[in-house]
Amino acid sequence: MSQQRVAVVTGATSGIGRAITGRLVQEGMGVVAAGRRAGRLGELAEELAGQPGAVLPLAGEMTQPGHTEELLAAAEREWGAASVFVASAGRGLPGTVLGSDAAQWRELLEVNYLAVLHQLRACAAVFTKQAEADGGSQVRDIVVIGSTVGRQVSAANPVYGSTKFAVHSLVEALRQEVCALNIRVTLIEPGFVRSGFQEAAGYDTAWFEGVAAASGPLLVPEDVAEVVQFVLDRPKHVHLDDIRLRPTRQKA
Ligand SMILES: NC(=O)c1ccc[n+]([C@@H]2O[C@H](COP(=O)([O-])OP(=O)(O)OC[C@H]3O[C@@H](n4cnc5c(N)ncnc54)[C@H](OP(=O)(O)O)[C@@H]3O)[C@@H](O)[C@H]2O)c1
C-alpha cells in the first residue's frame, strides 16, 4: 500500500459504509472496516483485494464499551495512526410517535445516539492527542452520516429522525471544540438511499417502492461515498462541514 491516509469506517458491512470503504480503498487508503457481520466484512476484503489500498476487517458491536478505541488501535498497529474516522453505522425505526414500536426505542437510542457519542469522543480524544503532538500539521477528519430527517422534521419518521437531530448537534459542537487543531468534523445528510437500511429496520416495502416511484431514482451508496471522498480531498484550510444530498426529485 502506498503512503496514504489511514481510515476507520463503521457500518462497512452494508450500504453507505460499505461503499465508502470501497471508495477509500480504491483511492489507496488503509481502512479498518467495522460492523457486526464478520462474514460480510471478509467478503468485502476479498472483493477489494488488488485495489491500491487495503482492508482490515474487524467485526464488533458498536454499543460495546471500548469498541472505537479497539478500531483505532487496530489501524495504528496495521498501518500507523488513522487520520480519518467515518461514522456510518446506524439503524432506522419505522413509525410515528404513536405508531412506532416502543420496545425498540432504547436500542435505537443506544445505537444511533449513545454509541455515536462514544465514537465521537473516543476518536476526537485520539485525534486531539496526535494533533497536539504534531502541532496540527496534518489534517484529520471525522465524518458522520446524519440524515435529512435530522434537519427537517418528518411526521412519518420522527423517532428515528430525532436521533439524527441529536447527532447533528453533537457534530457541530465537536467541530467547534476541535477545529483549531485542524480536525474537521463533517456532517453528511443523505435523503433516500437504496441500501440495506429499509430491510434492516423493517420499513414497509410497498411504501418504500412508492417513495422510489414518486421521487426516484433514489441515491445509491456510491453517491454518498463520492461526496465523502470530495470532503477528504479538500486542502487543509477548507472544510465542507455540512452537506445535504438528496435524490433530485425528492421533495422533503
Ligand atoms: N438509507 C437511507 O435512506 C439513509 C438516509 C439517510 C441517512 N442514512 C444513515 O446512513 C447510515 C448508514 O445506513 P445505510 O443506508 O448504509 O444502512 P445499512 O445498509 O443498513 O447499513 C447499516 C450499517 O450499520 C451497521 N450497524 C447497525 N447496527 C450496528 C451495531 N449495533 N453495531 C455495529 N454496527 C451496526 C450494520 O452492520 P451490521 O448489521 O453488520 O452490524 C451496517 O453495516 C445510517 O447512520 C443511517 O441512519 C441512511
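**View 1. Helix H3 passes helix H4 in a right-handed crossing.** A crossing is right-handed if the near helix is turned clockwise from the far one by less than a right angle, and left-handed if anticlockwise. This is a predicted model, in which local features need pLDDT of at least 70, side-chain atom pairs count only at pLDDT 80 or more, and totals for chains, interfaces and linings use all residues. Residues are numbered from 1 along each chain as its sequence is written, and side-chain values use heavy atoms, with hydrogens and water left out. Helices (H or I, at least four residues) and strands (E, at least two) are DSSP runs, numbered from the N terminus. H3 and H4 pack at about 40 degrees, and their axes are 8 Å apart. H3 is therefore oblique to H4. Angles under 35 degrees count as roughly parallel, over 145 as roughly antiparallel, 65 to 115 as roughly perpendicular and the rest as oblique. Axes are lines fitted to C-alpha atoms, for helices over the stretch in contact, and angles run from 0 to 180 degrees between N-to-C directions. H3 contributes Thr68, Glu69 and Leu72 to the contact, and H4 contributes Gln119, Ala122, Cys123, Val126 and Phe127. Contact means heavy atoms within 4.5 Å. By class, the contact of H3 with H4 has five nonpolar residues, two polar and one charged. Ala, Val, Leu, Ile, Met, Phe, Trp, Tyr, Cys and Pro count as nonpolar, Asp, Glu, Lys and Arg as charged, and the others, Gly among them, as polar.

**View 2. Gln119 is buried in the model.** Gln119 belongs to helix H4 (residues 105-134). Its relative accessible area is 2%. Buried means under 20% relative accessible area, exposed over 50%, and partly exposed in between (1.4 Å probe, protein chains only). Leaving out residues up to four places away in sequence, Gln119 touches Thr10, Met62, Thr68, Phe85 and Ala87.

**View 3. Glu76 sits in helix H3 (residues 67-79).** Glu76 is partly exposed, at 46% relative accessibility. From Glu76 to Ala7 the C-alpha to C-alpha distance is 9.8 Å, while the two are 69 residues apart in sequence.

**View 4. Seven strands form an open sheet with parallel pairing.** The strand order is E3-E2-E1-E4-E5-E6-E7. Two strands pair if DSSP finds at least two bridges between them. Strand E3 (54-59) and strand E7 (242-245) are at the edges. Each has a single partner strand, so one side of each has no neighbour in the sheet. Neighbouring strands of this sheet are turned by 15 degrees against each other on average, direction ignored.

**View 5. Strand E1 (residues 6-9) pairs with strand E4 (residues 84-87) in the parallel sense.** This pairing runs over three bridges. Ala7 stands opposite Val84 in E4. E1 also pairs with E2 in the parallel sense, over four bridges. There, Val8 stands opposite Val32 in E2.

**View 6. Strand E2 (residues 30-35) is largely enclosed by the rest of the structure, because six of its six residues are buried.** Gly30, Val32 and Ala34 point one way from E2. Val31, Ala33 and Gly35 point the other way.

**View 7. Strand E5 is mostly covered, with six of its six residues buried.** Arg140, Ile142 and Val144 point one way from E5, and Asp141, Val143 and Ile145 point the other way. E4 and E5 pair in the parallel sense over four bridges. Ala87 stands opposite Val144 in E5.

View 8. Helix H1 (residues 15-26) packs with H8 at an angle of about 50 degrees, with the axes 8 Å apart. That angle makes H1 oblique to H8. H1 passes H8 in a right-handed crossing. Residues of the contact include Ile16, Ala19 and Ile20 of H1 and Val224, Ala225 and Val228 of H8. The contact of H1 with H8 has nine nonpolar, two polar and three charged residues.

View 9. Most residues other than glycine have a negative phi, and most peptide bonds are trans. The peptide bond from Gly216 to Pro217 is cis, with omega near 0 degrees. Asn182 has a positive phi, near 65 degrees. At 24% relative accessibility, Asn182 is partly exposed.
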